[in-house]
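Please look over the chain below and then read this short report on it. Each section takes up one topic.

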Amino acid sequence: MVLGEIVAGIEAINKLLDAPLKARTAFRLGKLSKELAPHFETYEKVRQELLEKFGTKVESDDDSGNVQYQFNGTADKFQTELMMMLEEKVDVKVRKIKLAELNGANLTARDMITLEWLISEK
């Protein structure tokens, strides 16, 4: 599996962690979440470093505290390095979960697409 699959699916996995699932499925998802967390955390750390390397911080005008980055001719370099990182292979043991085991989970079609690597029809 590649890092990009983890990054794309993390929000949907978090939805599943909050869904009322059978104990076995919830246990397997919890174990998977613990295994994926360090990869996602490292991604976020390196992504932040890339933002600071190639971008300039722009403070938000409102009181939200959001920080944005402006790229002055460096957006392509940022994007290239980010994409290379997302294509990096990661060693994660994934036991597929049957679609029927996800009854009760409110997943959207978009969630299902991002978790295609985790869900099997049968």
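## A loop between two strands

Asn 66 sits in the loop that runs between strand 1 (56–59) and strand 2 (67–70). The model is a predicted one. Is Asn 66 buried or exposed, or something in between? Its relative accessibility is 46%, so Asn 66 counts as partly exposed. The cut-offs explain the label, because buried means under 20% and exposed means over 50%.

What does Asn 66 touch, once neighbours within four places in sequence are left aside? Asn 66 is in contact with Val 58, Glu 59 and Ser 60. Compare its position with that of Arg 110. Asn 66 and Arg 110 are 44 residues apart in sequence. In space, their C-alpha atoms are 26 Å apart.

## Tyr 69 in strand 2

Tyr 69 is part of strand 2. Its relative accessibility is 17%, so Tyr 69 counts as buried. Which residues does Tyr 69 touch, not counting those up to four places away in sequence? They are Gln 48, Leu 51, Glu 52, Gly 55, Thr 56 and Lys 57.

Now take a pair from two parts of the chain. Tyr 69 and Glu 101 are 32 residues apart along the chain. Their C-alpha atoms are separated by 41 Å.

Helix 2 covers residues 23–54, and Thr 25 belongs to it. Thr 25 has a relative accessible area of 3%, so this residue is buried. Leaving aside neighbours within four places in sequence, Thr 25 is in contact with Ile 97, Glu 101 and Leu 102.

Side chains of opposite charge can pair when their charged atoms come close. Arg 47 and Glu 44 meet in a salt bridge, at 3.5 Å from N to O. They are three residues apart in helix 2, so about one helical turn separates them. Arg 47 is partly exposed, at a relative accessible area of 27%. Glu 44 is also partly exposed, at 32% relative accessibility.

Glu 49 forms a salt bridge with Lys 45, and their closest N and O atoms are 3.1 Å apart. Glu 49 counts as partly exposed, at 40% relative accessibility. Lys 45 counts as exposed, at 54%.

How many salt bridges does a search of the whole structure find? The search finds five. One of them joins Asp 111 and Lys 15, with the closest N and O atoms 2.7 Å apart. Asp 111 lies in helix 4 (residues 109–114) and Lys 15 in helix 1 (residues 3–18), so the pair ties together parts that are 96 residues apart in sequence.

Are the two partners buried or exposed? Asp 111 counts as buried, at 7% relative accessibility. Lys 15 counts as partly exposed, at 32%.

## Ile 119 and Leu 99

Ile 119 is found in strand 4 (residues 119–120). Ile 119 is buried, with a relative accessible area of 15%. Beyond its neighbours within four places in sequence, Ile 119 is in contact with Lys 96, Ile 97, Leu 99, Leu 102 and Met 112. Ile 119 and Leu 32 are 87 residues apart along the chain, and their C-alpha atoms are separated by 13 Å.

Leu 99 lies in the loop between strand 3 and helix 4. At 36% relative accessibility, Leu 99 counts as partly exposed. Leaving aside neighbours within four places in sequence, Leu 99 is in contact with Met 112, Ile 119, Ser 120 and Glu 121. Leu 99 and Gln 68 are 31 residues apart in sequence. Their C-alpha atoms are 38 Å apart in space.

## A positive patch

Which residues form a positive surface patch? They are Arg 24, Lys 31, Lys 93, Arg 95 and Lys 98.

Take one member, Arg 95. Arg 95 is placed in the loop between helix 3 (75–86) and strand 3 (97–98). Its relative accessible area is 61%, so Arg 95 is exposed.

Key
Residues are numbered from 1 along each chain as its sequence is written. This is a predicted model: local features need pLDDT of at least 70, side-chain atom pairs count only at pLDDT 80 or more; totals for chains, interfaces and linings use all residues. Side-chain values use heavy atoms; hydrogens and water are left out. Patches are made of residues with over 30% relative accessible area and no salt bridge: like charges are joined within 9 Å, nonpolar side chains (Val, Leu, Ile, Met, Phe, Trp, Tyr) within 5 Å. Accessible areas come from the Shrake-Rupley method with a 1.4 Å probe; for residues, only the protein chains shown count as cover. A salt bridge is a side-chain nitrogen of Lys or Arg within 4 Å of a carboxyl oxygen of Asp or Glu. Lys and Arg count as positive and Asp and Glu as negative; His and the chain ends are not counted. The place of a charge is taken as NZ of Lys, CZ of Arg, CG of Asp or CD of Glu. Helices (H or I, at least four residues) and strands (E, at least two) are DSSP runs, numbered from the N terminus. Buried means under 20% relative accessible area, exposed over 50%, partly exposed in between (1.4 Å probe, protein chains only). Contact means heavy atoms within 4.5 Å.
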